[in-house]
Amino acid sequence: MRCALDAGAGLRQTSRVSYKSDALMGKFLLLVGGALLIFWIVRASLRRRKREIQRQAQFQDKDTSEDMVRCVACGVHLPRGESLTVRGQFYCCVDHQRRHDPGN
């Protein structure tokens, strides 16, 4: 009878230890879950901020657009900053400017 009681006592003791380890494992999993939640929230916030910055940059690009002008020689349209301007007329390249305006 003593062997059975000792075996039972040993089982109870083991179950107490496993209960403590289960509680410790639960706390660990809760801590890991909390850390993952915080990581997810921070990452989502950074992504939102990045999208907002890209959106603002996109609107700024639209505000700084140039006027389009037409080449007198070939009729192609190009931004004013990329054109050659001679006597108030716009050209797309030096060759067209030379051919169309021989007085230069």
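Which residue forms a salt bridge with R55, and how many Å apart are the closest N and O atoms? In this predicted model, the partner of R55 is E52, and the closest N and O atoms of the pair are 3.2 Å apart. R55 and E52 are 3 residues apart in helix α1, which covers residues 2-63, so about one helical turn separates them. R55 is partly exposed, with a relative accessibility of 41%, and E52 is likewise partly exposed, with a relative accessible area of 37%.

A search of the whole structure finds 2 salt bridges, and the other pair is formed by D95 and R99, whose closest N and O atoms are 2.8 Å apart. Both of these residues lie in helix α2, made of residues 94-100, where they are 4 residues apart, or about one turn of the helix. D95 has a relative accessible area of 42% and is therefore partly exposed, whereas R99, at 58%, counts as exposed because its value is over 50%.

The table sets out the two pairs.

| Salt bridge | Closest N and O atoms |
|---|---|
| R55 and E52 | 3.2 Å |
| D95 and R99 | 2.8 Å |

The surface also carries a nonpolar patch of about 490 Å², which is made by M25, F28, L29, V32 and L36. One of these residues, L36, is found in helix α1, and L36 counts as exposed because its relative accessibility of 54% is over the 50% cut-off.

Terms used:
Residues are numbered from 1 along each chain as its sequence is written. This is a predicted model: local features need pLDDT of at least 70, side-chain atom pairs count only at pLDDT 80 or more; totals for chains, interfaces and linings use all residues. Side-chain values use heavy atoms; hydrogens and water are left out. A salt bridge is a side-chain nitrogen of Lys or Arg within 4 Å of a carboxyl oxygen of Asp or Glu. Helices (H or I, at least four residues) and strands (E, at least two) are DSSP runs, numbered from the N terminus. Buried means under 20% relative accessible area, exposed over 50%, partly exposed in between (1.4 Å probe, protein chains only). Patches are made of residues with over 30% relative accessible area and no salt bridge: like charges are joined within 9 Å, nonpolar side chains (Val, Leu, Ile, Met, Phe, Trp, Tyr) within 5 Å. Accessible areas come from the Shrake-Rupley method with a 1.4 Å probe; for residues, only the protein chains shown count as cover.
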